[in-house]
Structures are given as structure tokens and as C-alpha cells.
Amino acid sequence: MLFNDLFREAYRTVLVKGSDEPEYLPASDPEGLAQVVFAHGYYASALHEISHWCIAGEHRRTLHDYGYWYCPDGRTLQQQQAFEQVEVKPQAIEWLFSVAAGSRFHISVDNLSGVGAADEERFRHRVRDQAGEYLEQGLPPRAQSFFDSLATFYGTGEILEERWHEDARRIAPLYSESGHSQEN
């Protein structure tokens with residue numbers, strides 16, 4: 001509802017529940033609507049797919065799945081490294097959406113039957129750093145609009161910073177060189 005209220009008219013795009021695989025379907029004609037399809041009605045899937053849409057440029061929004069390759073679960077180490085490289089920003093945005101919505105966020109390396117994460121701790125910290133940067137400097141415009149809408153709808157605006165710091169400690173705690181947590 002929030003996504004469609006914000007973007008249906010201005011960007012001719014709607015969020016729709018799908019089945020197995022999430023995807024982005026560009027409008028098939030000038031009067032049609034593009035669709036951000038999320039998997040199985042899962043809230044986290046919706047937030048993740050919205051985060052991809054929020055950073056896709058105008059040209060990419062004319063392409064199926066924004067023109068990106070997707071190599072399914074079972075990736076090699078090199079494929080996983082490429083995946084982790086392109087997932088930092090969308091997962092950082094998804095994380096902030098989750099905080100604004102009061103829902104629990106989970107980092108996803110999305111490679112359970114492959115080699116797993118290339119470097120999960122590094123990936124977690126890169127996502128954390130990117131999310132922190134977005135909080136300080138602002139999100140991309142569409143992401144900021146949706147983030148603000150979530151915070152207003154869920155009434156989390158006054159506690160966002162506190163919730164962010166709690167979640168950051170849970171997902172990607174910072175450690176000193178001695179191996180002890182710097183955040184308590």
C-alpha cells in the first residue's frame with residue numbers, strides 16, 4: 001500500500017506479491033505499469049526488492065530485473081564475490097527500511113548450497129558502513145521517500161537512531177584489534 005501510494009502514478013510502478021522468485025518486470029507498453037514482484041508475500045522480500053528498485057536508474061528500470069545477471073544459489077567463490085559486491089547497497093537500504101518498519105533484518109549471502117559467503121564478516125561490515133553512510137548523508141531520493149513513509153506509518157521516527165544502533169550491534173558488531181567488542 002505505501003509503495004503503491006508513493007510510486008504508482010509518479011513512476012508507473014506497483015509492488016505485487018509473487019510466488020517463488022522475486023523479479024522486476026518493466027511496463028510492457030507506455031500506458032502499462034512496471035511491477036516489483038516479491039516472493040511468497042514475505043515482508044522482507046518486499047523490502048529487499050523495493051531497495052533494488054529504489055537504486056535502479058531510469059534506463060535499468062526499462063529492463064527485466066534491471067538488466068542484472070543473477071546466478072542462483074550454488075555460486076562459485078568468484079560468483080559469490082561478485083554477488084556480494086552488488087548487494088551492499090540494496091541490503092543497506094533494506095536494513096534501513098526494516099528499522100523504519102520495526103521489522104527484523106537479516107543479512108543474506110544467498111548461497112546456501114554453494115561455497116557460502118566469500119567473506120561474511122567483511123560483507124556484514126560493508127553493509128553496515130553503507131547503511132550508516134546513508135543515515136548520515138541521506139538515501140537516494142526514492143529510497144528516502146519510502147523510508148520516510150515507513151517511519152511515519154509505523155511511528156518509528158523518534159526511535160530510529162536508537163533502533164539502528166541496537167540492530168547494528170546485533171548484525172555487525174565492531175571489534176577492536178584485541179578481538180573485544182567496541183560496542184557495549
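First, a definition: helices (H or I, at least four residues) and strands (E, at least two) are DSSP runs, numbered from the N terminus. This is a predicted model, so to speak of local features we need pLDDT of at least 70, side-chain atom pairs count only at pLDDT 80 or more, and totals for chains, interfaces and linings use all residues. Residues are numbered from 1 along each chain as its sequence is written, and side-chain values use heavy atoms, with hydrogens and water left out.

Now the layout. The protein chain has six helices and three strands. Along the sequence the pattern reads α-β-β-β-α-α-α-α-α.

Next, burial. Buried means under 20% relative accessible area, exposed means over 50%, and partly exposed is in between, with a 1.4 Å probe and protein chains only. The protein chain has 184 residues, and 42% of them count as buried.

On to the strands. Two strands pair if DSSP finds at least two bridges between them. Strand 1 and strand 3 run parallel, joined by five bridges. In that pairing, Thr13 stands opposite Ala34 of strand 3. Strand 2, residues 23-25, pairs with strand 3 in the antiparallel sense, over three bridges. Here Tyr24 is opposite Val36 of strand 3.

How enclosed is strand 3? Strand 3 covers residues 34-38, and four of the five are buried, so the rest of the structure largely encloses it.

Two loop residues next. Arg12 sits between helix 1 (2-11) and strand 1 (13-17). Its phi is near 50°, a positive value in a residue other than glycine. Arg12 is partly exposed, at 29% relative accessible area.

Tyr66 is in the loop between helix 2 (43-55) and helix 3 (77-101). Phi of Tyr66 is also positive, near 65°, and again the residue is not glycine. Is Tyr66 buried or exposed? Tyr66 is buried, at 5% relative accessibility.

Last stop, Gln130. Gln130 lies in helix 4, residues 120-137. Its relative accessible area is 12%, so Gln130 counts as buried. What does Gln130 touch, leaving aside neighbours within four places in sequence? With contact meaning heavy atoms within 4.5 Å, the partners are Val88, Lys89 and Ala92. Gln130 and Val88 are 42 residues apart along the chain, and their C-alpha atoms are separated by 7.2 Å.

For the whole protein chain, take contacts between residues at least 6 apart in sequence: 64% of them join residues at least 24 apart.
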